[in-house]
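This report describes the chain architecture, domain arrangement and sheet organisation of the structure shown below.

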Amino acid sequence: MQRVCREMRYTAERTATNVLVVTLHDMAYGIWAADGRVIAIPEGFPPRLISSTFPIRRVREKFAGQIKPGDVYLTNSPRDGAVHLPDWVFIKPVFYEDELVFFTCMGTHVADNGGAQAGTHFLAFDSIGEGLNIPLIRIAENGELRRDVLELLLANNRLPEMMRRELASLTGSTAVAERRLIELLDKYGKATVLAAVDEMIERTEKAVRAEIAKWPDGTWRAEVQTDDDGLTMDHPLTVRCELTIDGEEIHFDFSETDDQVAGMVNAYYQVTLSCVLCTTFLFLGSELAPYHNEGSMRPIHVKTRKGTIVDCNPGALVAGAPAITGGGVIEVVLALLSDALPEKAVSPYARLISPIIVGKDEDDGGIYVYSTFCAAAGAGAVAGYDGYQCVCDMGTLGVVGKTDAEEEMARFPWEIVQYEFRTDSHGAGRWRGAPGVIWEGANDSGDCRLTLGSSDGFSTQARGQHGGGDTPLNKAHVLRGEETIEIGHPHLGMRLKAGDRLLTLAGGGAGIGAPEKRDPQAVAWDVKNELVSLEMARDVYKVAVDPQTFAVDQVKTAELRKAGR
Amino acid sequence: MYRICIDTGGTFTDCIVLDGEGKLYEFKSPTTPHDFSEGVLNVINDAAASFRSLPEEFLKQTEWIVHGTTVCTNALVQRKLSRAALITTKGFRDIIEMRRSMKIETKSMYDAYIPPYDPIIPRYLRFTVSEKTKVSGEVVTPVDEAELAEVIEKIKKEDVEAVAICFINSYANPANELRAAEICGQGLGDVFISCSSVLLPKMGEYERESTCVINAGVGPIVERYLTTLETKLRNAGFENQLLVVQANQFVQSASAVVAKPVYLTGSGPAAGPAGAVHLGNTIDEDNFLIGDMGGTTWDAGLVKDKKVSLKVGEWLGDDRLGIKVADVVSIGAGGGSIGWLDTLGLLRVGPQSASSNPGPACYDLGGIEPTVTDAAVILGYIDPDNFCGGKIKLRSDLAREAMSKIAGGLDMSVEEAAQAMFDTVNSNMADAISEISTRKGYDVRDFNLLAIGGGGPLCGAFVAGLLGMRKTIVPKYASSFCAWSMFFLDIGRDYVRSCLCRSDRADLRIINGLYSDMMQEASADVKGFGVTIGDLVFEKSAEIRYQGQYHVLEIRLPPGEIGPEDMRTLEDDFHKLHRELFTFSLPWVPMEMINVRLTAKLKSDRLPIPKRALGTADASKAIIRTNECYFDNIRSATPVYDGALLEAGNIIRGNAIIQTPTATTVIPANTVCNVDAYGNYVIVSEE
């Protein structure tokens, strides 16, 4: 039985590898039971993982009695359970001996989705302007894409050729999952596999309940702010949450969160639920990490109030739902669980800087969409360790990979000029956040459009836990000849000229614990490696380091630390 | 004349000698981690003694020695690397520390409590210089030699043994890197220099730089080791060629390996799959999962349709290696693996090992922790009086004493604790086997388990049982199988060049130019063997993808000059393979070539496998005694067969044990062992 479960997980992993073959975009995939229960919660982009349950349940409702082998369903509409419009979700029912046994699901962020602007549109007037809305439809029948529907979709897209490929590969990847699942059913028999699924879900639930039972009972409150609402700059929004741990169950109550807004930072309930669950899983420990499924979700309850930015009404703008609002939900859950479980504290990652550049492709006369995560910085500290060095933001829990600079230069008319860690750019602490990142690219081609729509953290910060430093603010500039133009409001977007350089300065992860509690040797090591300056060592960490030998001056350090008390 | 293959493993140094009459002889000596060459010389002395000759005479009559060594893998696994510095392009100081993303593929996204990465070269030893090469290969800014001179001065003060050089876009044009290497060579004396464009000239700075850094970290260690070994062998009278096994299934001269030492990673176990292919050709089996159980590790490999499974790029712990190597998964499970109780009171086995010193408790060399070997002694599988042909007397009382340490904690009898340890290690090994097969998308039940290494025959049939595999094959030279496999490796290397272009617009002059460049490099590499380019067998391939994709597939090309027809075939084959692997192809989408690859090898002669004398099904005359053994906690009288007395055609039903001086094969209940025509034990499940 155990082995079936393991093989199922490998199956899911292998399927994912196949998708990585065709796309680097963030994605979600997984396996659901015929009744809509999650069997394998895979690794992927948190807002999208568990939320895929919603469109699968919609398939069961909307197409009740009409689901056939060879079907593939598609939606990007949050009303039908998707996350935001650029995220297309493909669902394939898996039949065995004429009976529906599983659903597999694959979703990804597409490079263009129509709408008023190329790429993702962050400044729309309404949800129609935000992009093409695809309610849940049947995109393939008898294993063939429906040509008429396909034509309609592609006619509304700026990158029809690329989309044609993506559609083929995404539906293809669900077919791979199907093939593997059928092999599994052939091998062990349907009864055994389905029994293993029930067993697996039950065992996981038991293990999760046992873990939560160890946590202290009580109630905690926290809030997190975003830079703006996506429309009115400098108008921060607040995600508020109350956590109650009660025996072997936990409750998150988001009722006090700000009302939904006219800008693009609203999120539907499924996004909030997904982010809460994924973040809670972090605190459930490494042993359970590979086993989460429907059972893990049962003891965790998420309450929201309709009409807020974490549970918006149909028609709200949602372009920033996953990165900004989802990121906020993740941060607030980290704060609450870190307060409740100090020995397991996890600090937030750096907030996201993610340029999306759209320009003319001089090779084929079309457009290129250059979307990169390279500019983003690293993880926050966790109790016991400094933040993991990386290039990734909170909303992804570290699963989105960066691309090699060489690959990006070969692919887009941009030259990457610098790309490395910054000094003094992390949230300080007994355990410090990972360093921030400087990234600079030069536009080697004609004029193009820049948006930093999903970026955040230019005027608000993510909180360090237990006295650790917050994430330093993000900054971005355009260098045009001798001129330096500061990008104060990343959500507004701007036009770049040929030869312009884009310089982003990402703040690093947040810290945990008071900086003056940090091991002075660790501070001296950071100074030697130029991640911490002598000044920061002295002023923030209260450690005196010899500038020649990088040895800790014990006497002066003792004085500094005494004076600071 | 003799030919010798020597495999230095974690615990034993194995040696197989082929004499002038085509007979094989097997020798074993403990590995000597303080200086691996000592163990090599010891085993040669043992071999010489058995031929009643002095080591000098024996070595003088030796035509060649092929050697697989763990020295590079050990250095990496234990992070005992040479102190190295990195010189890279200004603005790109942290590529090896940023790696790919937040969490490398080997870590779960739900696992937050992982320490930050500790790069092989710390930041303060990573230096930058101004230089710029464009994607097109055009050098915009040559290396700033004044800056480089300053960097060299700083490096001199840091007492490093090696320098890695990796510049952005150096795959497109290595000129700046080579110039920097030249200047460093002049300025830094005998510091080992590792240059990324020489080692792995392909696009993707992270993997190229990481490979270059690993190469720098192991370079001086490998150089010292091979120099010591060669000197010792020369002093002992050896006059001919020393060949070293690389992880890519090829052997090379010691001097060629010293230039690219990173190819030594996983050297020993890498030979096993090649031996499996040869064995498969002889006994007509296509698919093997290979389980090699030594004293310290269990190495799992895969052969499908008589082809060795290779992989490009792998995580070695937290570091990325970009070269193409035999796909082997290693876990800490072996005869010396120690049983212990974790904080939850659960029984764990390994990854710590008692290795050869002090060794298992029953060796009486000071080991006090219970090991898998101790468990096998307690369960009655290993006979304490006849271990290693009676050369090593084991003490079962010490095994029991060590086992009682965990038996108490588990509230079990000593025998039950031994059984629990044995079951645990078998299930760990089964997991490693299923990892390598399911990763490739294969069903383990379509494979035979090839159980090799000192411990493979002991555990193999149990591991196969756990995985539902029907057949376990214990080959004749099971315990020295990797050394035996080295007879079947070719001398050669693989080469790669980046070649970015659309396949339908490819300039064949450029492609053929890259191939002739690689072929010249290959012929220079084999110069030391006294052969010319005409003696080499070439295999060409290209890595291509659909425009817009990020990952490539490797497709074979014909060996001669590439013509337009070959390009069309390449495209067709790509569509076909893409459809096979991913269920779809995109025939209307143009394809891009990314890399061209070449392998060049000298064919070695194939050693025929001799047949064993034919007997009947009845094997009873090989029974030498009956031992009391435990199977699934049940005590049962178990016949012990002497492997030397078995004949082809013998059939043995489990429970039974076959004993030879180098291995103990356990045949569990509900299985039948057939001795095949070549003396291999084929254990088949009866269910």
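Domain bounds come from an automatic or database domain assignment. The model is predicted: local features need pLDDT of at least 70, side-chain atom pairs count only at pLDDT 80 or more, and totals for chains, interfaces and linings use all residues. Residues are numbered from 1 along each chain as its sequence is written, and chains are lettered from A, ligands numbered from 1, in the order in which they are written.

The assignment divides chain B as follows.

| Domain of chain B | Residues |
|---|---|
| domain 1 | 2-75 + 224-264 |
| domain 2 | 79-215 |
| domain 3 | 282-488 + 614-625 + 641-687 |
| domain 4 | 491-602 |

The centres of domain 2 and domain 4 of chain B, taken over C-alpha atoms, are separated by 27 Å. Their contact (C-beta atoms, placed from the backbone, within 7 Å) takes 6 residues from domain 2 of chain B and 5 residues from domain 4 of chain B.

Along its principal axes, the C-alpha trace of chain B spans about 80 × 60 × 55 Å. Among contacts in chain B between residues at least 6 apart in sequence, 67% join residues at least 24 apart.

Chain B has 17 helices and 33 strands; these are DSSP runs numbered from the N terminus, helices being H or I of at least four residues and strands E of at least two. In chain B, 10 strands form an open sheet with mixed pairing, in the order 3-2-1-4-11-12-23-26-24-25; pairing requires at least two DSSP bridges between two strands. Strand 3 (24-30) and strand 25 (553-557) of chain B are the edge strands, each pairing on one side only. Strand 24 (residues 537-546) and strand 26 (residues 591-602) of chain B pair in the antiparallel sense over 10 bridges.

Conventions
Contact = placed C-beta atoms within 7 Å.
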